[in-house]
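Subject: Structure for your review

Dear colleague,

Please find below the structure that I am handing over to you. My notes on it follow, and I would be grateful if you read them with the model open.

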Amino acid sequence: MRRIVLIQPRRDGRIFGKSPGSPYTLMRLASLVPEEIPVEIWDENLYDLDLDTLREGDLVGITTMTVTVKRAEEIARKAMKQGAGVVVGGVHATLMPVHTSTFAHSIMVGEGYFTWQQLVQDFAAEGIQGMKPVYEDETWADLQGIATISDRVINMVNENENYWTPYLEITRGCPRNCSFCTAIRVSGRRMRLRPVDEVIDEIERRGIKRFFLTDDNFGLNFTTDGDYVAELFQALAKLDLHGWTCQSEMSVANHPELLSMSVPAHLDKHFIGFESVNPDNRRSLGGKSKGQATTAEEAIRTIRSHGVGVVGLFVMGFDEDTPKTFQAMWDFIRHSELDSVSTTMLTPYPGTPFRGVVERENRLLDVPWSHYDTAHVTFVPKNFTVQELRDAYDWLCRKIYSPYQIARRGARSLGRYPINQASKKLFGSFSTDYGYRRTYAYRNVM
Ligand code: SF4
């Protein structure tokens, strides 16, 4: 074997000189490569890939989500043509293995912590001939001691220079099974926890001061494992951090003692999946929300009263939504005390219950995978025509992401901090909304 090249296909590119998030999955897989084998991480969000240098003896690993799969396929075909061995993994390979296997020597289904090491051994022994068509996880890995990021990889990636937001995983899994979400199939139903001392060690060795948790639903741990969260918060409080954010659900508002520990632990914002303010959608929301606007308002107020910000995540286009839902959504958002807002279009991702429904009812639109970016309409809705849903979504996005609304929410977010921290918090108070506005605008220029 000459070397291993791990590739992240382009999605957002650089924004103000840096890529939004670090290639965390690839960093963990690269850390599992034995020291004697050269390994490189190529992130196409940072620079154009030097694909012409790939050749026989190289093992190329490509991670892909549904939205980037077209570019992943182009890279894979080019690498195979030049004689490299190619394996494709990630969410799309896990959820659409048959499709993914059409453009790779091997696919990795699942998390790959163990199968990746097996594949490296197979390739080292026999090259492409040794690669099995499918490497599939048989169990969900215990997160203790798994894929600890190595110093070799930390030095290679230079996160502080190249990325706005380093990613970090502390817990994994979610039992909710919301109709539109892939988490249960990608991360499992059982919540798994990393030992606190391993988390702290990783933060210190990476030298990161800010991070975004990749955890599917960190906030659920407030309810299911409060002791673990308390231990984690106590440990994080001892670090010199600028702030971190996580994906959550509004049940965190029911835990005042953990909310009180949040600011000392440098937790800055919960990204909360309220999803809808239409109670008729409650069956799609996995039990975490009943689509009641008043409950959501109370949760936002409670969380913010502890000094922690709330980013509201909403999904539009459920089968029970009507034009009135869009007006109700706008009324809710403009009167709420949210720090930032993400409003996405319901998307029938492979492997989700919602995709099963639209497939059975023959409602999938024939659109490229690149439209699975939560800003396009990709299925025939129930109470709208496709164009009507698109127009309603555009109307809402224009309202939510107007410069005035972004400024208003950003100023509110900035108001959470003591005056002597305001300059440090300025960028973060506006950048979340700006990023979401960019996603929406991206579709409209296509
Ligand atoms: S609660 Fe969040 S992570 Fe869990 S299934 Fe629902 S959308 Fe997915």
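Two strands are said to pair if DSSP finds at least two bridges between them. In this predicted model, strand E13 (residues 243-248) and strand E14 (residues 267-275) are joined by five bridges and run parallel. Within this pair, Gln247 stands opposite Phe271 of E14. Both strands belong to an open sheet of six, with the order E9-E12-E13-E14-E15-E16 and parallel pairing. Its edges are strand E9 (167-168) and strand E16 (340-345), each of which pairs on one side only.

Domains

The chain is divided into domain 1, covering 3-137, and domain 2, covering 166-442. Their C-alpha centres are 28 Å apart. Where the two domains meet, 12 residues of domain 1 are in contact with 16 residues of domain 2. On the side of domain 1 that touches domain 2, the elements giving two or more residues are strand E2 (19-21), helix H2 (69-81) and helix H3 (91-95). Of these, H3 gives the most, with three residues. By class, this side of domain 1 has seven nonpolar, four polar and one charged residues.

Ligand surroundings

Which residues surround the ligand? They are Cys174, Arg176, Asn177, Cys178, Cys181, Ala183, Asp216, Asn217, Glu249, Gly273, Gly286 and Lys288. Sorted by class, this shell has four nonpolar, four polar and four charged residues.

Nonpolar cores

In soluble globular proteins, nonpolar side chains tend to be buried together. The largest nonpolar core here has 65 residues, and the members that touch the most others are Leu213, Ile303, Met316 and Leu396. Leaving aside neighbours within four places in sequence, Met316 is in contact with Asp321, Phe326, Met329, Thr343, Met345, Leu346, Tyr393 and Leu396. Another core, of 42 residues, lies apart from the largest one and includes Ile4, Met27, Val39 and Ala104.

Is Val88 buried or exposed? Val88 counts as buried because 26 other C-beta atoms lie within 10 Å of its own, and the cut-off for a buried residue is 20 or more. Not counting residues up to four places away in sequence, Val88 touches Ile62, Thr64, Ala72, Ala76, Ala93, Thr100, Ala104 and Ile107. Val88 and Thr63 are 25 residues apart in sequence, yet their C-alpha atoms are 5.9 Å apart in space.

Backbone points

Two asparagines deserve a look at the backbone. Asn158 is not a glycine, although its phi is positive, at about 50 degrees. Asn158 lies in the loop between helix H6 (151-157) and helix H7 (159-162). Asn362 likewise has a positive phi, of about 55 degrees, without being a glycine. The loop that holds Asn362 is between helix H15 (353-360) and helix H16 (386-400).

With kind regards

Methods: Residues are numbered from 1 along each chain as its sequence is written. This is a predicted model: local features need pLDDT of at least 70, side-chain atom pairs count only at pLDDT 80 or more; totals for chains, interfaces and linings use all residues. A residue is near a molecule or strand if its C-beta atom, placed from the backbone, lies within 6 Å of it. Ala, Val, Leu, Ile, Met, Phe, Trp, Tyr, Cys and Pro count as nonpolar, Asp, Glu, Lys and Arg as charged, and the others, Gly among them, as polar. Domain bounds come from an automatic or database domain assignment. Two residues are in contact if their C-beta atoms, placed from the backbone, lie within 7 Å. Helices (H or I, at least four residues) and strands (E, at least two) are DSSP runs, numbered from the N terminus. A nonpolar core is a set of buried Ala, Val, Leu, Ile, Met, Phe, Trp, Tyr and Cys residues joined through C-beta atoms within 7 Å. A residue is buried if 20 or more other C-beta atoms lie within 10 Å of its own, exposed if 12 or fewer, and partly exposed in between; C-beta atoms are placed from the backbone.
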